[in-house]
Amino acid sequence: MRTAYCVETVRRAERELMAGLPEGALMQRAAAGLAAACADLLGRVYGRRIVLLVGSGDNGGDALYAGARLARRGAGVTAVLLAPERTHAGGLAALRRAGGRTVAPGGADDVVRSADLVLDGIVGIGGRGGLRPDAAALAELVAGSRAAVVAVDLPSGVDADTGEVHGSAIRADLTVAFGTHKPGLLVDPAREYAGSVRLVDIGLGDALPVRPELEALQHAEVADLLPLPGGESDKYRRGVVGIAAGSARYPGAAVLAVAGALHGGAGAVRYVGPAGDAVVARFPETLVSDQGPKQAGRVQAWVVGPGAGDDAGAVAEVLAAAAEVPVLIDADGLRLADVDAVRGRSAPTLMTPHAGEAAALLGVAREEVEGARLSSVRELAARYRAAVLLKGSTTLVAEAGGAGVVRVNATGTPWLATAGSGDVLSGLAGSLLAAGLSALDAGSVGAYLHGLAGRFAADGAPVGAHDVAEALPAAWRDVRG
């Protein structure tokens with residue numbers, strides 16, 4: 001599992017570790033890992049032209065010491081000093097002893113344009129509020145160069161704790177993170193600026209708390225959470241999910257939600273809604289009721305909302321009828337659900353908005369949600385007292401209340417940006433709720449499998465939501481190995 005910690009936690013861990021180490025040892029560890037990563041990216045160090053962008057903090061010191069190591073291997077290293085009077089003295093002396101040279105920001109144009117590699121050490125993990133004008137000018141200069149760009153711990157200009165980007169920022173090909181990931185390396189829009197991320201162990205492990213700020217499940221964790229049938233399983237033990245979805249205008253939403261549930265492992269699906277004929281024509285194993293959710297029969301979880309149109313009655317009935325079982329609310333159901341009815345539930349609730357739906361629920365512009373994904377998912381989870389899965393370029397899942405760990409999904413693909421894909425995800429996550437997973441786990445595992453299925457179905461070519469649903473069994477097999 002990948003874990004990420006906020007700046008305050010990382011700094012506390014660094015202080016604890018440094019108390020037992022010789023002065024400067026931690027920075028030397030970071031610089032050694034940084035230099036090794038740069039050398040691997042270049043392939044050959046001797047004769048290469050390397051430019052260091054050096055701010056006044058420890059990131060600048062890391063860059064200078066790494067530059068000194070590369071200079072000793074035959075690279076031509078030039079440091080652009082943004083604050084000469086506050087540059088890390090030890091790192092600057094090491095660079096000069098190794099044959100490196102320095103220039104002021106005004107002399108950066110020629111060296112950056114001719115560089116093979118630019119090492120970004122302008123601002124560390126404590127940077128807030130965007131880059132200052134001189135640093136922003138350097139970011140624009142780097143963006144127009146042909147050099148590979150490596151960020152020291154975090155690209156300058158992005159917020160380490162939130163993943164937000166205010167104004168100009170360095171866009172890296174590789175970020176070398178020290179000790180642990182920071183949330184901004186895993187959450188968009190900052191993640192887009194980080195490029196590939198290489199984690200360098202500097203010994204922080206024992207000093208970090210057990211519970212991170214953010215975590216990203218990998219195959220092993222998802223495999224452990226998958227609800228596998230046993231010898232005594234029947235359809236009820238595997239989980240029966242009720243789906244109230246679709247309308248005269250959107251019958252396909254019902255079909256796709258049912259597809260997600262059946263291909264996602266449900267023992268059975270009970271469907272309620274006006275698209276029964278379309279559902280049975282595609283999936284004859286579906287149990288269809290025309291008497292409403294209260295009379296649909298035994299279920300272990302409900303999915304409500306996909307393609308519901310303006311039918312608020314179905315949403316209210318599910319919330320009233322499902323007092324003792326988990327409910328997933330998606331799509332139209334999100335705007336139709338009564339806030340107090342959701343907040344008052346004792347059984348788990350999982351809401352699955354995309355950015356536009358989340359913005360409507362929060363009363364803000366969509367761009368605000370997309371630019372502050374982490375705070376938005378936490379706020380929704382707190383406002384509704386429900387687990388929230390915020391779909392998008394990085395899908396986030398927050399626990400009910402918003403104060404606990406947030407999970408980020410790493411398997412998504414842009415090919416999932418297709419009509420009906422979210423309906424498939426709602427059915428899939430609903431089947432996992434019915435199988436007994438918590439709302440956090442159902443959302444996290446569902447997003448992970450959905451992302452894998454999107455990759456398998458697309459394989460670099462356009463696909464439809466039905467293709468994603470049919471690829472879900474392949475995603476299960478891949479996770480199980």
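Is glutamate 470 buried, partly exposed or exposed, and what is its relative accessibility? At 43%, glutamate 470 counts as partly exposed; buried means under 20% relative accessible area, exposed over 50%, and partly exposed in between (1.4 Å probe, protein chains only). The model is predicted, with local features needing pLDDT of at least 70 and side-chain atom pairs pLDDT 80 or more, while totals for chains, interfaces and linings use all residues. Residues are numbered from 1 along each chain as its sequence is written, and side-chain values use heavy atoms, without hydrogens and water.

**View 1. Glutamate 470 and arginine 282 form a salt bridge.** The N to O distance is 2.9 Å; a salt bridge is a side-chain nitrogen of Lys or Arg within 4 Å of a carboxyl oxygen of Asp or Glu. Glutamate 470 lies in helix H20 and arginine 282 in helix H11, 188 residues apart. Helices (H or I, at least four residues) and strands (E, at least two) are DSSP runs, numbered from the N terminus.

**View 2. Glutamate 399 and arginine 211 meet in a salt bridge.** Their N to O distance is 2.7 Å. Glutamate 399 sits in the loop between strands E17 and E18, and arginine 211 in the loop between E8 and E9. Arginine 211 is exposed at 52%, whereas glutamate 399 is partly exposed at 24%.

**View 3. Seven strands form an open sheet with parallel pairing.** The order is E4-E3-E2-E5-E6-E7-E8; two strands pair if DSSP finds at least two bridges between them. E4 and E8 stand at the edges, each with a single partner strand, so one side of each has no neighbour in the sheet. Alanine 79 has threonine 102 in E4 as its bridge partner.
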